[in-house]
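Dear colleague,

Please find below the structure that I am handing over to you. My notes on what was found in it follow directly after.

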Amino acid sequence: MTTGADYWSTASFPAAGLRSLRLADGPHGLRIQDDENPDHLGLGRSLPATCFPPAVALASSWDPALVREVGQALGREARSHGVDVVLGPGMNIKRSPLCGRNFEYFSEDPLLSGLLAAAMVDGLQSEGVAACLKHFAANNQETDRQRVSADIDERTLREIYLRNFQIAIGEANPWSVMSAYNKINGVYASENRWLLTDLLRGGGTTTASSCRIGVRCTTQWKPSRPVPISGCPGAPRMTASASPKLPDGSTTRRWPASPSGSRCWPSGLHPTLGTPQSSTLISITS
């Protein structure tokens with residue numbers, strides 16, 4: 001259950017009444033690939049799909065209602081193709097103009113980014129299709145993204161690089177979240193207990209360690225070394241690690257206190273966001 005039946009589908013578990021879920025890239029146009037010839041770069045043939053404006057253009061409108069409308073349209077199209085989870089919106093902060101994915105991120109401002117991402121999530125999920133916020137967190141460059149460590153002090157991390165995720169989760173209750181490729185202060189996001197368990201859910205570069213800290217579905221791995229590349233869920237043959245003992249099932253925790261003793265999120269903007277709606281979240285590695 002912690003890997004996929006194939007490149008884009010999760011494994012089913014009929015005994016528990018769980019069917020397979022179909023995932024697809026988005027959110028500016030579905031990328032539904034030929035299951036017999038998938039690739040993580042998107043170079044292979046995909047089904048025709050509507051090309052929606054990317055996040056950089058949508059954010060220039062400053063219009064959450066418009067973004068929600070786009071999310072609804074994307075959700076209807078996803079549902080018509082049998083897609084259960086759209087891997088988006090992308091909402092990392094624009095730190096440098098050199099980032100190759102800036103076009104699919106909303107803004108350099110965490111407030112605008114968070115509110116517009118929430119609108120996209122709300123639109124998608126109003127059509128019964130799960131959104132997947134990405135990439136959690138600090139995936140702000142594409143250069144060497146699978147090895148780079150984003151070294152960020154705690155206040156900056158909380159007020160800029162995590163604040164937008166906090167807003168989107170609190171406002172729209174997304175059904176899934178994707179962890180980032182990069183390290184944060186020396187620890188891969190997909191293996192970061194503080195990030196994924198203490199902060200995001202109350203609950204990798206390796207499947208076992210990722211599962212131990214709260215990840216519920218793994219990506220594909222490079223055969224030579226367990227570094228996440230792209231695509232989810234990935235095939236069972238990619239997962240060679242021994243299955244770890246599953247977590248105890250707890251789902252709701254308070255946001256942890258900062259070293260100063262205060263709660264980790266500033267409370268002035270959205271005072272209701274002290275407790276995450278983590279009971280509906282799953283974690284998906286990038």
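In this predicted model, Glu127 and Arg79 form a salt bridge through their side chains, with 3.0 Å from N to O. The term salt bridge is used here for a side-chain nitrogen of Lys or Arg within 4 Å of a carboxyl oxygen of Asp or Glu. Because Glu127 sits in the loop between H3 and E3 while Arg79 belongs to helix H2, the pair ties together parts that are 48 residues apart in sequence. Helices (H or I, at least four residues) and strands (E, at least two) are DSSP runs, numbered from the N terminus.

Glu127 also forms a salt bridge with Arg76, where the closest N and O atoms are 3.6 Å apart. Arg76 is likewise in helix H2, and this pair is separated by 51 residues. Through shared partners, the salt bridges join Arg76, Arg79 and Glu127 into one network.

How buried or exposed are these side chains? Glu127 counts as buried, at 13% relative accessibility. Arg76, at 41%, counts as partly exposed, and Arg79 is partly exposed with a relative accessible area of 47%. The classes are buried for under 20% relative accessible area, exposed for over 50%, and partly exposed in between (1.4 Å probe, protein chains only).

Another salt bridge joins the side chains of Arg101 and Glu104 (3.2 Å, N to O); both of these residues are buried. The whole structure contains 10 salt bridges.

I turn next to the nonpolar cores. A nonpolar core is a set of buried Ala, Val, Leu, Ile, Met, Phe, Trp, Tyr and Cys residues joined through side-chain atoms within 4.5 Å. The largest has 47 residues, of which Val86, Leu133, Phe136 and Leu195 touch the most other members. Among the elements giving two or more residues to this core are helix H2 (64–80), helix H3 (110–125), strand E3 (130–136) and helix H6 (193–201). H3 supplies the largest share, 8 residues.

Leaving aside residues up to four places away in sequence, Phe136 touches Leu162, Phe165, Val177, Met178, Ser179, Ala180, Ala189, Leu195, Leu196, Leu199 and Leu200. A second, separate core of 8 residues includes Leu23, Val85, Leu87 and Ala130.

The model also holds an open sheet of 3 strands, in the order E4-E6-E7, with mixed pairing. Strands pair if DSSP finds at least two bridges between them. Strand E4 (149–150) and strand E7 (187–188) stand at the edges with a single partner strand each, so one side of each is left without a neighbour in the sheet. Strand E6 (residues 183–184) and E7 run antiparallel and are joined by 2 bridges; the bridge partner of Lys183 in E7 is Tyr188.

As to confidence, pLDDT is the predictor's confidence in each residue, from 0 to 100. The chain averages 76, and 67% of the residues score at least 70. Among the elements of the chain, H3 has the highest mean pLDDT (97) and strand E9 (residues 225–228) the lowest (31). The pLDDT is below 50 over residues 220–231, a stretch with 47 contacts beyond near neighbours in sequence, a contact being heavy atoms within 4.5 Å. Residues 237–286 are also below 50, with 128 such contacts in the model. Where pLDDT is low, the predicted coordinates should not be read in detail.

Residues are numbered from 1 along each chain as its sequence is written, and side-chain values use heavy atoms, with hydrogens and water left out. Local features need pLDDT of at least 70 and side-chain atom pairs count only at pLDDT 80 or more, whereas totals for chains, interfaces and linings use all residues.

With kind regards
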